[in-house]
Amino acid sequence: MTGLAMREAARILRAEAASLMGLGGLRARTPKRLVIVPPDMRTCDATIADDIYAGYFVFGGRALATGGRSPFALEPPSEAWADILHGFSWLRHLRAADTALARANARALVDEYLREQHGPAIRKPSVAARRAISFLSQSPLIVEGADHVFYQRFLRGLARDLRTCTRAARVASRPLGRLQAAIALAYAGLCCEGCETLGRAATKVLARELDRQVLADGGHVGRNPRVVLDLLLDLLPLRQVYLARGLDPPEALVRAIDRMPPMLRLLRHGDGTLSHFNGAGSTPVDHLTTLLFYDEARASPLQRGLLSGYERLQAGRLVLVADVGAPPPPFVAHDATAGCLSFELTSGEARVVVNLGAPRERSDPLALPARGTAAHATLTLDRASSAAFTSDARGLSKLPAAFLESRFGTLLISGPGEVQTKRPEPLVLEARHDGYASGFGVLHERRLVLGAAGDALAGEDRLLPASGRAARGVGAVPAALRFHLHPSVRARRAQAGRVVLLGLSNGETWQYVLETDGVEARLEESLYLSATDGARKASQIVVAFDTAAAPVIAWRFEKLTAS
């Protein structure tokens with residue numbers, strides 16, 4: 001891992017040198033004028049315009065009442081709130097109101113931002129990219145009827161963001177940041193007179209990063225489902241802008257757009273939200289619904305995402321999505337989790353088994369624990385995770401760890417080296433990983449079988465000796481099997497822990513049944529971090545056991561009554 005850190009440092013220095021020498025073909029100049037307005041696929045709500053006019057800003061689950069002052073001059077209630085404010089994607093709500101008052105309010109707020117220009121959020125490349133796209137897509141709202149002085153100030157502000165993006169496209173430490181910057185620059189090159197050369201260079205960077213980051217099955221190389229959704233919201237309109245300018249979109253863009261919707265369908269549950277794997281938190285259901293409506297293929301969901309490492313089992317209204325992937329490459333693993341072989345289960349629109357998901361703030365004290373194995377519906381050994389992070393002392397020495405965390409945040413740097421997956425039948429999934437092989441000398445194998453009628457899930461978790469340790473068998477290690485329940489599930493133990501009764505939000509009654517003797521299920525407190533209104537209390541089914549006494553745990557979920 002020390003070598004990995006050194007290679008990244010060398011890459012950054014080379015890119016910085018190229019930037020200083022003016023190389024790379026990416027040079028941002030102040031646009032002369034706006035010539036085309038890109039569409040915005042994000043849904044809007046005109047009633048939010050009234051709240052903004054009243055000085056009430058609700059972003060990222062936090063609210064701030066300005067009391068007549070500029071929101072850009074106040075202390076933000078959270079980092080996520082500040083990022084959304086300075087990203088200006090909320091301008092679409094004012095545009096939806098389509099009133100003279102909303103237009104005047106939008107221009108006044110943009111002017112306040114252009115004059116204030118302070119705060120760390122405005123310098124973030126991801127925020128600058130979002131702001132540039134928002135300014136372009138909402139430009140009729142902002143500049144229509146404006147005087148020449150404001151129009152020029154607006155163009156200069158846009159140019160500052162494009163300069164931030166040109167540097168990010170070359171040297172951003174996170175590959176996703178380079179892709180986001182390239183998307184914003186491609187928009188600007190197509191929509192602004194005087195940015196044509198920038199647009200041509202950005203198109204090359206865009207094609208390169210899409211080929212590197214969007215996998216052949218439509219997933220993102222970092223394995224975060226939410227990233228696929230967010231990228232597609234920008235890529236679909238971008239394709240339309242290329243066509244509107246009479247240009248052929250780059251092949252890499254067309255390929256990415258074709259591949260991503262089926263992957264979103266694979267990861268989508270009956271309630272319209274995405275699975276909570278590898279950093280995915282709450283899902284904007286309206287955005288996802290809009291994207292899939294515009295999916296030209298209207299394809300059925302993929303059942304297997306072999307490159308992304310996800311599997312889907314579906315029988316009637318019962319949907320199971322499982323994480324069966326190895327960790328992504330370290331430099332895209334800033335969201336990755338140690339949740340190999342975890343799954344989520346939904347019956348109709350009712351969530352049953354979930355993973356904790358991710359909090360809105362990366363600085364949240366729960367952000368790192370939520371990435372551990374215990375935060376997922378799978379098996380843990382001796383409270384250890386099946387993967388290590390840069391913050392983990394057993395991961396790597398202090399010097400490269402400090403360098404990596406300063407550039408990327410907390411990365412997942414090791415985990416299962418091999419994940420074997422089989423689908424012997426359409427409703428049967430068998431998978432095995434070696435994430436515990438080095439620390440405990442065992443492999444975790446899981447078998448999941450969905451009932452054909454959509455009324456049952458049978459499971460079996462087995463611990464096997466790792467290669468070279470078969471003669472010694474599986475040692476005595478405390479283990480726990482966890483099934484985190486959605487907050488809407490009402491759970492009650494029965495039959496001395498052999499059964500847990502479950503009441504779902506759709507009126508169905510299910511039960512969890514332990515089929516292995518000598519163990520019992522407990523109900524413990526849990527959290528659900530992916531609700532639209534923030535973290536919520538929940539419960540989890542925990543089956544604690546000793547690996548030597550019970551190397552195999554069999555269990556099942558089954559429906560007792562329909563809704």
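Which handedness does the crossing have where H6 passes H8? The crossing is left-handed. Details follow in point 2.

1. **Overall make-up.** This is a predicted model. The protein has 563 residues, and 55% of them are buried. Its secondary structure comprises 15 helices and 23 strands. Take the contacts between residues at least 6 apart in sequence: 69% of these link residues at least 24 apart.

2. **Helices H6 and H8.** H6 covers residues 125-137 and H8 covers residues 148-171. Their axes come within 9 Å and cross at roughly 140°. Angles over 145 degrees would count as roughly antiparallel, so this pair is classed as oblique. H6 passes H8 in the left-handed sense. From H6, the contact draws on Pro125, Ala128, Ala129, Arg131, Ala132, Phe135 and Leu136. H8 supplies Phe154, Leu158, Asp161, Leu162, Thr164, Cys165 and Ala168. By class, there are 11 nonpolar residues, 1 polar and 2 charged in this contact.

3. **Helices H9 and H11.** How do H9 and H11 lie relative to each other, roughly parallel or roughly antiparallel? The axes of H9 (residues 175-191) and H11 (residues 225-244) cross at roughly 20°. Angles under 35 degrees count as roughly parallel, and H9 and H11 therefore fall in that class. Their axes come within 10 Å. The crossing of H9 past H11 is left-handed. On the H9 side, the contact residues are Leu176, Leu179, Ile183, Ala186, Tyr187, Leu190 and Cys191. On the H11 side they are Val227, Leu231, Asp234, Leu235, Pro237, Leu238, Val241 and Tyr242. The classes here are 14 nonpolar and 1 charged, with no polar residues.

4. **Cysteines.** How many disulfides does the count give? The count is 0. Cys195 is in no disulfide, and the nearest cysteine sulfur, that of Cys192, is 4.8 Å away. A disulfide requires the two sulfur atoms to be within 2.5 Å. Is Cys195 buried or exposed? Its relative accessible area is 1%, so Cys195 is buried. Cys340 has 5% relative accessibility and also counts as buried, because the cut-off for burial is under 20%.

5. **Ile52.** This residue lies in helix H2, which spans residues 46-53. Ile52 has a relative accessibility of 4%, so it counts as buried. Which residues does Ile52 contact, leaving aside its neighbours within four places in sequence? They are Phe57, Trp90, Leu94, Asn105 and Leu109. Ala102 is 50 residues from Ile52 in sequence. The C-alpha to C-alpha distance between Ile52 and Ala102 is 9.2 Å.

6. **Asp83.** Helix H3 (residues 79-87) contains Asp83. Asp83 has a relative accessible area of 22%, so it is partly exposed. Burial would need a value under 20%. Asp83 and Phe59 are 24 residues apart along the chain. Their C-alpha atoms are separated by 9.1 Å.

7. **Where to look.** For helix packing, start with H6 against H8, where the axes come within 9 Å. Then turn to H9 and H11, whose axes come within 10 Å. For the cysteines, find the sulfur atoms of Cys195 and Cys192, 4.8 Å apart.

Notes: Residues are numbered from 1 along each chain as its sequence is written. This is a predicted model: local features need pLDDT of at least 70, side-chain atom pairs count only at pLDDT 80 or more; totals for chains, interfaces and linings use all residues. Side-chain values use heavy atoms; hydrogens and water are left out. Buried means under 20% relative accessible area, exposed over 50%, partly exposed in between (1.4 Å probe, protein chains only). Axes are lines fitted to C-alpha atoms, for helices over the stretch in contact, and angles run from 0 to 180 degrees between N-to-C directions. Helices (H or I, at least four residues) and strands (E, at least two) are DSSP runs, numbered from the N terminus. Angles under 35 degrees count as roughly parallel, over 145 as roughly antiparallel, 65 to 115 as roughly perpendicular and the rest as oblique. A crossing is left-handed if the near helix is turned anticlockwise from the far one by less than a right angle, and right-handed if clockwise. Contact means heavy atoms within 4.5 Å. Ala, Val, Leu, Ile, Met, Phe, Trp, Tyr, Cys and Pro count as nonpolar, Asp, Glu, Lys and Arg as charged, and the others, Gly among them, as polar.
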